[in-house]
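Student: I would like to see how the terms for this structure are applied. Please show it to me.
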Amino acid sequence: VQKTLFREKQTIIENCLFGVDINPNSVKICRLRLWIELLKSAYYKEETNYTELETLPNIDINIKCGNSLVSRFALDSDLSKALKSIKYDIKSYRGFVNDYKNEKSREVKRGLQKLIDTIKGDFRTEIIKTGKDFQNWYKAKGELENLTLQSRIFEMSPKEKKKFNDDVKVASDKMKKYESILEEIKTNVVYKNAFEWRFEFPEVLNNNGDFEGFDLIIGNPPYIKEYENRDAFNGLREKECYQGKMDIWYLFGDLGLKLLKLHCNLCYIATNNWTTNAGASNFRNIVINNSQIVNLTDFGAYMIFENAAIQTMIMLFNNNKETNNYAFDYRRLEGDKLTQENVLNLLDSIETDKSILLSPIVNKVDLTDKPLTFNTDENSDLLNKIKSKHNFILREKGDKKLKIQSELGQGIVAPQDFINKASAEALNYQFQNGDGIFVLSHLELKSKEFSSKENEIIKPYFTSTQLQKYYGSNENTHWIIYTKSDINKPDKTTNKIPLENYPKIKQHLDNFKSVITSDFAPYG
């Protein structure tokens, strides 16, 4: 039994598990845990009269270190020319990797590793040679050589020599330009830890060198916002999935789908706000149009990770672009004070007062460029009633002419709304805490007796306290001095509002000069 367990685990670890991580310590820990798993089932060999343990295989070659999001070469890069130019084919490459896994001699292992690295280096070189940038350089080099090899140079007239020298300079500059592009690709720090999925794992290549992909991809990708770590996004901003205000794990989701075989599955645990987040719209479109959602299990307010205050969900996608209309398994926990028992019930599809179990219908056309919201029939009916009574609608996303999008990040941010403790002290307590600066109460508005022209730039001011989930209060208790840079044709050289046209507003704001921030242009 022990021997059987060991052999089965070895087969799985050697032939079925492949991993990549940018952190070398994580890679070492992963390798160690796999070795320990094998060691738990290790057995004494019969041929040594049960005195020696079976030797553990070399599993380090399956678990690699690198930046899995960054590659020099696309998954569809052509290896056919590279295979013709080197002396080893994919079968040989795969064989060397297999030999390495089972080799016990350190010296032979080093030789095999050197051979494997040479093959991968040849792939890199040959793919570069077939690339557009190399071809441009090679063509420019040939043009320069054709020019400089002319034998008539000493027979040329001064005019011909000048033209010849000019042509040589143009050809030389052109060659240097493409040469610098190739050097940039070679030395760019962005590619320092680049991982070449195209040829790092020969097990997912067919005998022609085509990338076939993996049967299953699982992961817990890192959660990083760009404003938290801009460097983490270097080399990633040209990708299809990239957009502002995104989380880096969306790029891992996109990559995972690209690395899958057709009709195979990807399963991640990640943050649950991607379904509605404005910065996830590109990723949502990729999921909707390039895959089939199989399951979404949303844990709501329950924190799965004890050391991270992040709401998460498990998501299961199938690499299937063909299916358009389908139902999927959607589960969600609702409310607060959730327990582990609530989570287990959700995973077991047990419906409780804390769980919602649905089978939403996905239509790719209807959900493209839309947030994903899944509701019970009761809630859907209510929302449809609200929608039928609407008295305005935001413009659709993508109105380039008006530069207006339907996704809003935040409301009005007043530079100084009311007097607070600090500003009251700065003003020698001439005004009380709570008096309005840019935001006025009904009483202040009435007492100032602003002119009709001034009232044009005094607008109703609503806060979140007056806005509920499905309705808002019609009664506003405050007003905001709300100006635009084009009002009354401002001085175009300064782009400032001529407050002289609003004397009482100017008089009011002059009282607070010392606490008004530079956000207010006239006092900037």
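Tutor: Strands are DSSP runs of E with at least two residues, helices are runs of H or I with at least four, and both are numbered from the N terminus. Two strands pair if DSSP finds at least two bridges between them. This is a predicted model, where local features need pLDDT of at least 70, side-chain atom pairs count only at pLDDT 80 or more, and totals for chains, interfaces and linings use all residues. Residues are numbered from 1 along each chain as its sequence is written, and side-chain values use heavy atoms, with hydrogens and water left out.

Student: What makes β3 and β4 a pair?
Tutor: Strand β3 (residues 214-219) and strand β4 (residues 260-271) are parallel and joined by 5 bridges; the pairing rule asks for at least two. Ile217 stands opposite Leu266 in β4.

Student: Which strand pairs with β4 in the antiparallel sense?
Tutor: Strand β6 (residues 312-318) does, over 7 bridges. There, Leu316 is the bridge partner of Cys267.

Student: Why does Asn345 count as buried?
Tutor: Buried means under 20% relative accessible area, exposed over 50%, and partly exposed in between (1.4 Å probe, protein chains only). Asn345 has 16% relative accessibility, so it counts as buried. Asn345 belongs to helix α10 (residues 340-347).

Student: Why are α1 and α2 called roughly antiparallel?
Tutor: Helix α1 (residues 2-15) and helix α2 (residues 24-39) pack at about 160 degrees. Angles under 35 degrees count as roughly parallel, over 145 as roughly antiparallel, 65 to 115 as roughly perpendicular and the rest as oblique. The two helices, α1 and α2, are therefore roughly antiparallel.

Technical notes. Axes are lines fitted to C-alpha atoms, for helices over the stretch in contact, and angles run from 0 to 180 degrees between N-to-C directions.
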